[in-house]
Amino acid sequence: MDEPTSGLDPLIRSQLLKVLTEYMENGGKGVFFSTHITSDLDKIADMLIMINNGRIIFLLKSHAMDFFCDFLK
């Protein structure tokens, strides 16, 4: 998904992130989306992957997420 929460009001944004989180928790599924909204990353992401021209150029797993998200703010 490309910017799935962009333009949503705060209540709907929160509800969408909750639905996505529940989806991922039920059965080991993942959700792939791009966003510029770092607060969404704080709430839902357990891995960050940067892709350039179809190649992974950066991968960060959950143990380092807090530091990275704080750095982006």
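In the predicted model, R13 and D40 form a salt bridge in which the closest N and O atoms lie 3.6 Å apart; the term denotes a side-chain nitrogen of Lys or Arg within 4 Å of a carboxyl oxygen of Asp or Glu. A search of the whole structure finds 1 such salt bridge. R13 belongs to helix 1 and D40 to helix 2 (residues 38–44), so the pair ties together parts that are 27 residues apart in sequence. Helices (H or I, at least four residues) and strands (E, at least two) are DSSP runs, numbered from the N terminus. Both R13 and D40 are buried, where buried means under 20% relative accessible area, exposed means over 50%, and partly exposed lies in between (1.4 Å probe, protein chains only).

Residues are numbered from 1 along each chain as its sequence is written, and side-chain values use heavy atoms, with hydrogens and water left out. Because this is a predicted model, local features need pLDDT of at least 70 and side-chain atom pairs count only at pLDDT 80 or more, whereas totals for chains, interfaces and linings use all residues.

The protein chain contains 3 helices and 2 strands, arranged from the N terminus on as α-α-β-β-α. Of its 73 residues, 25% count as buried. Among contacts (heavy atoms within 4.5 Å) with a separation of 6 or more, 37% are between residues 24 or more positions apart.

The largest nonpolar core consists of 5 residues, namely L17, L20, M24, F33 and I44. A nonpolar core is a set of buried Ala, Val, Leu, Ile, Met, Phe, Trp, Tyr and Cys residues joined through side-chain atoms within 4.5 Å. Helix 1 (residues 10–25) gives the most to this core, with 3 residues. When residues up to four places away in sequence are not counted, M24 touches K29, G30, V31 and I44. V31 is located in the loop between helix 1 and helix 2. With a relative accessible area of 25%, V31 is partly exposed. Its contacts, leaving aside neighbours within four places in sequence, are M1, L20, Y23 and M24. The C-alpha atoms of V31 and T21, which are 10 residues apart along the chain, are separated by 8.7 Å.

Strand 1 and strand 2 run antiparallel and are joined by 6 bridges; strands are taken to pair if DSSP finds at least two bridges between them. In one of these pairings, L48 has L60 of strand 2 as its bridge partner. The hairpin of the two strands has 2 residues between them, and N53 takes a positive phi near 55°.

F32, M47, I49, I51, I56 and L59 make a nonpolar surface patch of about 570 Å². Patches are made of residues with over 30% relative accessible area and no salt bridge, with like charges joined within 9 Å and nonpolar side chains (Val, Leu, Ile, Met, Phe, Trp, Tyr) joined within 5 Å. Strand 1 (47–52) and strand 2 (55–61) are the elements that give two or more residues to the nonpolar patch, and strand 1 gives the most, with 3 residues. I56 is found in strand 2, and I56 counts as exposed because its relative accessibility is 55%.

Methods: Areas by Shrake-Rupley, 256 points an atom, 1.4 Å probe, with all protein chains shown as cover.
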